[in-house]
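Visitor: I am new to this structure. Please show it to me, and then I will ask about its parts.

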Amino acid sequence: MKFKKVFLWLLTICFLFIQISPADAKTVLSKKQAHTYLETIAGNIIKSNPNPSVGSTGGEWAITGLARAGLLPDDYRAKYLENLDRTLAENEGVLHKRKYTEYSRVVIALTALGLNAEDYQGYNLIRPLAQLDSVKKQGVNGLAYALIAFDCGNYTVPAAVETYEGAQTTRNALVTELLQAQLEDGGWNNVGEKANADMTAMVLQSLAPYYLKEARVKNAVEQAVLCLSKLQLQDGSFASGSVKNCESTAQVLTALSEIGINIEDARFIKSGNTLLDGLFQYYRDGGFCHLPDGSVNQMATEQAMYALAAYERSISGEEGLYEISKDTKLETKNDEKKVTGRNKTSKKAAKQKKKGNQPDNREAATEKKTPAAAFAAEETLPEKTKESDSQTKNKVSPTKARQGGKTKESMTAAGTEETVSDGEMVVQADAEPSEHQEKEDGNVMVYAAGAAGVLCAAAVIFFLFFNSKKSRSFIDRGE
């Protein structure tokens, strides 16, 4: 009997130790905490780059992130638009002759500012993206960002310019091209046969509007989610090639936020670490480093900022980062300046807009629809571009539905939209989810305390209370 009591005492102490000792802490930010970080990061971005201009760093991604986080100052907005206007005027509306992600990036930023990219200062910045063969030259990221550009403002895909002789872009064509490019491991990459975390995340962001509405897209997304889960490192972060970095991690956080996967989804917790644990190891005084032991980097900071904006919007029940037209009214900005060039809005279309009529079929051939509805309404593509049923395989368990509402010149390093970024591991046992309780240096430390452990401890204490008077002194110790 004495041995039994000693054993029960030891068991109780073990349970209490587990109850009060931190183990496998997980970072899970609330809306308030996320926004507090965003405010600090926004201040850092604005201070370090006071003159935003057209570009993959210090330009559209900063503007988009600030605008979608609700933290864009009017004067900062005005400076960007002034620089954009100058760039367009100097180049007659041509942003780039080869990299069509330049148009996608500017279209997304303008839309985030509530401006209609179909008629901005007399230019139709959507039209170049109607040239499918031109968009495809940059690989899957070119396709992905063109799709995001069309969908962010619910834009009608216009007819390409008459001098273009290639294939016409449609949403159906973009989605089909992306699905046909999916690799055997479920991910995407511009080079090779192994998935790249950045590219896979970017494609997922573009497919988000179609995820729950198109069966073939749903299957492809589920395979990609499983692929990303396998690529996640033990500290919660992601890598490009063999180099773990901030931007790759930020791209995945953006993707999961856009398709509605909870930060505490067991598939994305490795050794107790969430994606936020992975991301915040790069955080330094309001900015983010490209590498864990590096210094604050502009590209890393901008991508982490809009990833946090996507996360905040997701947990708040707001529309997704790129679902801009759902919560933002788009306006036309035209300062009556003389404009020339191949991307200018036609006089006929401008007159029709003033009269409240729909422009001719070279400007907007159909009535506005949601991205998925526009996709379904398009004509079926020729057989050579259709996806075969054999391309959808190895169906995995569905991802969690969205809990509420719903990237840079790929450099050799970070997730962007032009090539692979600076910015890939093994599925581990699922971690037990737990409540977040306190924040420490940017992290919310979650203390391990399973309900079963609490009940067991209570049962043992109850037993000792009625079987030993001496036990009461222990119970009085509390937690």
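Visitor: Which residues of α3 are buried?
Guide: Helices are DSSP runs of H or I with at least four residues, strands are runs of E with at least two, and both are numbered from the N terminus. Buried means under 20% relative accessible area, exposed over 50%, and partly exposed in between, with a 1.4 Å probe and protein chains only. Eight of the nine residues of α3 are buried, so α3 is largely enclosed by the rest of the structure. The buried residues are Glu60, Trp61, Ala62, Ile63, Thr64, Gly65, Leu66 and Arg68.

Visitor: What should I know about the model itself?
Guide: The model is predicted: local features need pLDDT of at least 70 and side-chain atom pairs count only at pLDDT 80 or more, while totals for chains, interfaces and linings use all residues. Residues are numbered from 1 along each chain as its sequence is written, and side-chain values use heavy atoms, leaving out hydrogens and water.

Visitor: What covers the buried residues of α3?
Guide: Contact means heavy atoms within 4.5 Å. The cover of the buried residues of α3 includes α2 (31-48), α4, α5, α7 (140-152) and α13 (298-316).

Visitor: Which backbone oxygen does the side chain of arginine 68 reach?
Guide: Arginine 68 lies in helix α3 (residues 60-68) and is buried, with a relative accessible area of 6%. Its contacts beyond four places in sequence include Arg313, Glu319, Gly320 and Leu321. A polar contact is a pair of N or O atoms within 3.5 Å; within protein, one must be able to donate a hydrogen and the other to accept it, and residues adjacent in sequence count only if both atoms are side-chain atoms. At 2.9 Å, the side chain of arginine 68 reaches the backbone oxygen of leucine 321.

Visitor: Is α4 oblique or parallel to α5?
Guide: Axes are lines fitted to C-alpha atoms, for helices over the stretch in contact, and angles run from 0 to 180 degrees between N-to-C directions. Angles under 35 degrees count as roughly parallel, over 145 as roughly antiparallel, 65 to 115 as roughly perpendicular and the rest as oblique. Helix α4 (residues 74-90) and helix α5 (residues 101-112) have axes 12 Å apart and an angle of about 140°. That makes α4, relative to α5, oblique.

Visitor: How many nonpolar residues are in the contact of α4 with α5?
Guide: Ala, Val, Leu, Ile, Met, Phe, Trp, Tyr, Cys and Pro count as nonpolar, Asp, Glu, Lys and Arg as charged, and the others, Gly among them, as polar. Tyr80, Leu81 and Leu84 in α4 meet Val106, Ala109 and Leu110 in α5. The contact has no polar and no charged residues, and the count of nonpolar ones is six.

Visitor: How are α5 and α7 placed relative to each other?
Guide: The axes of α5 and α7 come within 9 Å and cross at roughly 30°. The two helices are therefore roughly parallel.

Visitor: Where is glutamine 121, a residue with a positive phi?
Guide: Most residues other than glycine have a negative phi. Glutamine 121 has a phi near 55°, and at 6% relative accessibility it is buried. Its place is the loop between β1 (115-120) and α6 (132-136).

Visitor: Is aspartate 285 buried or exposed?
Guide: Aspartate 285 lies in the loop between β4 (283-284) and β5 (287-288), and its phi is also positive, near 45°. Its relative accessibility is 77%, so aspartate 285 counts as exposed.
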